[in-house]
Amino acid sequence: MLTRCAKNADSAAGAGFGWANCKDLAAARRARDRAESAVGRADQAVTGLGDVVAALQRQWLQEYNANNGEKADEIETKMDEIEAKREKAKKELEEAKKKLKEAEQKYDAKASVQAGSLASKVRMAAESSDTLQARPGQAPAISDVDLAELSKLDTEEKFCAYMTRHLQAFCSDGYVVINSERLAWTTGWKPDFFIAHKKCYDARKPPKGARLGRNAAHKFGIPYPGLLDSLRVCEAKLDMKHSDLAELWQYLNSLPDGESRGMLFDKRSFILLTAAGKCQQKFPTRLLEGEWRTEGSFDAVRAFLAVQSHSERSLHAALQHASVQLLGFLGSGSFGRVFHVYNETRGSCAMKLVNDEKLARAEVASLQQAVQQGCPVAQPISELEAVALGNRHCFYYLSTPVGQKLSQTDAATRLEDVLDCLHDLHTSGIAHGDARLPNLIVNADSELLWIDCLHTGLATCVTVQSDIETLVRSLGASAQLLAQINADSLSNQTFREALQRDLHAWTY
Ligand SMILES: Nc1ncnc2c1ncn2[C@@H]1O[C@H](COP(=O)(O)OP(=O)(O)OP(=O)(O)O)[C@@H](O)[C@H]1O
């Protein structure tokens, strides 16, 4: 067993619990990629020659029907030549496929050795590593009847579909199991499932041909990039191997700083794994192995999945404090996360959750001042509230309205409104400080409003020019146009027209 000290040193070096930088593996991957391209090229050649043969056949038929015997013979000779080439290309394709298979096998073997060694490291380094003990009289996670059904499933897809309702039964109220097996996350990964709050994931349509299981209530989607620290990852295997733990570990290790949790399982058993630390430098803290049929496993899995991350706890504490209901996730930035919330008194509003009290106070004060001056900004409808969370605090404030995002194309279409919205701030003596398009929302009356007023300040020549540059850059204008900007640009009709033409040239 590694000591904690050794573990941290290992993990801090970034090598202990990630894939080793294996040259062999990289070379095998390159060889596999080359073999794949060779198959692609050979396949194209066969298809291309097939098309030529088909075209010649049509020509031959025309000449034959027109009694052009000589021409038809000429075409026939040509056809024989191309046919011979196609046969050769087919053989080359078969050969390329064989080589690809070999290259894939070599790569898989090397990857599996690496995964095996990583899995061993993770097992060894876990601060606690246990096997679930039976608690007589308590419910197993999956009944014998269901286990018998499970044992008949022969593909991973059927298995995942069958397991969905079981996984859902392990979730706490308000949490759902989301299938992401065929939907790449923004990070590029494709874990089989993740568990997240039912209002806080990016729902997608079922992929074509997706198996929906018995009750067709399956949910498909990917996590929001800003909420990667508020989910649990689940990876299913038809028949779990020792090395599969490496895959789950890779997912957990790549999640944001803090504790991350995941479950690896097959038809008989499961592994519950917890990791802590910084992203890509995590260390395994707890590993619990168990079997679905073990009495007491239902509560053990449910309790494991019910543990909330710090972010989830602050969100739920804030929701409770404000007596609002969560309707969705609006977005996140470097400073906070914004959720769509609702209650009967306040109606629909945005809840911005932050950790930094000073910055949040400054933002609320700036917004209030801007509202008083009649500026087009989202309006705070609460003071900054502090919510105790253990020995720490998180902070939130509510604002209205909850608006729609403005795309670059929409912004170019209503460019005058966008420019006026910034000009209105400036003429009231306020500079936004971060006047990017993502900081503009559209309300129900199609009016534009500024959000994210953390960096607002006095409008001076310098801050005004900087705002205009920021906005115009985020609209996608050319460098040439950016070079023409000065503090008076928004009052200058010639500039506005030049910008319109510039954006038109880029957008269409
Ligand atoms: N009232 C609102 N209506 C709709 N969406 C909103 C609202 N407020 C915030 N958002 C969304 O949440 C995202 C993050 O909000 P905000 O910009 O206030 O956070 P931040 O952490 O201060 O960001 P930054 O890193 O840009 O400073 C916004 O880009 C926007 O998409």
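Modeller: Please note that this is a predicted model. A cavity is a set of grid points where a 1.4 Å probe fits but cannot get out, and its lining residues have an atom within 4 Å of a point.

Biologist: Which helix or strand gives the most to the lining of the largest cavity?

Modeller: The lining consists of 15 residues, and His-197, Cys-200, Leu-227, Ser-230 and Glu-312 lie nearest the centre of the cavity. Strand E3 (193-197), helix H8 (310-322) and strand E11 (336-343) each contribute at least two lining residues. With 4 residues, the greatest contributor is H8.

Biologist: Between which domains does the largest cavity lie?

Modeller: The lining comprises 9 nonpolar, 4 polar and 2 charged residues. Residues of this lining come from two domains, so the cavity lies between domain 2 (144-307) and domain 3 (312-400).

Biologist: Turning to the ligand, what percentage of its accessible area does the protein cover?

Modeller: The ligand is surrounded by 21 residues, with Ser-334, Phe-335, Gly-336, Lys-352 and Asp-452 the closest. A ligand oxygen atom lies 2.9 Å from a polar backbone atom of Gly-336, and a polar side-chain atom of Lys-405 is 3.4 Å from an oxygen atom of the ligand. Of the 620 Å² of accessible area that the ligand has on its own, the protein covers 91%.

Key:
Residues numbered from 1 in each chain as written. Predicted model: local features only at pLDDT ≥ 70, side-chain atom pairs only at ≥ 80, totals over all residues. Heavy atoms only, no water. 1 Å grid on protein atoms, 1.4 Å probe; cavity = no way out; pocket = protein on both sides within 12 Å on 5 of 7 lines; lining within 4 Å. Nonpolar A, V, L, I, M, F, W, Y, C, P; charged D, E, K, R; others polar. Domains from an automatic or database assignment. Near = heavy atom within 4 Å. Polar contact = N/O pair within 3.5 Å; in protein donor to acceptor, adjacent residues only side chain to side chain. Areas by Shrake-Rupley, 256 points an atom, 1.4 Å probe, with all protein chains shown as cover.
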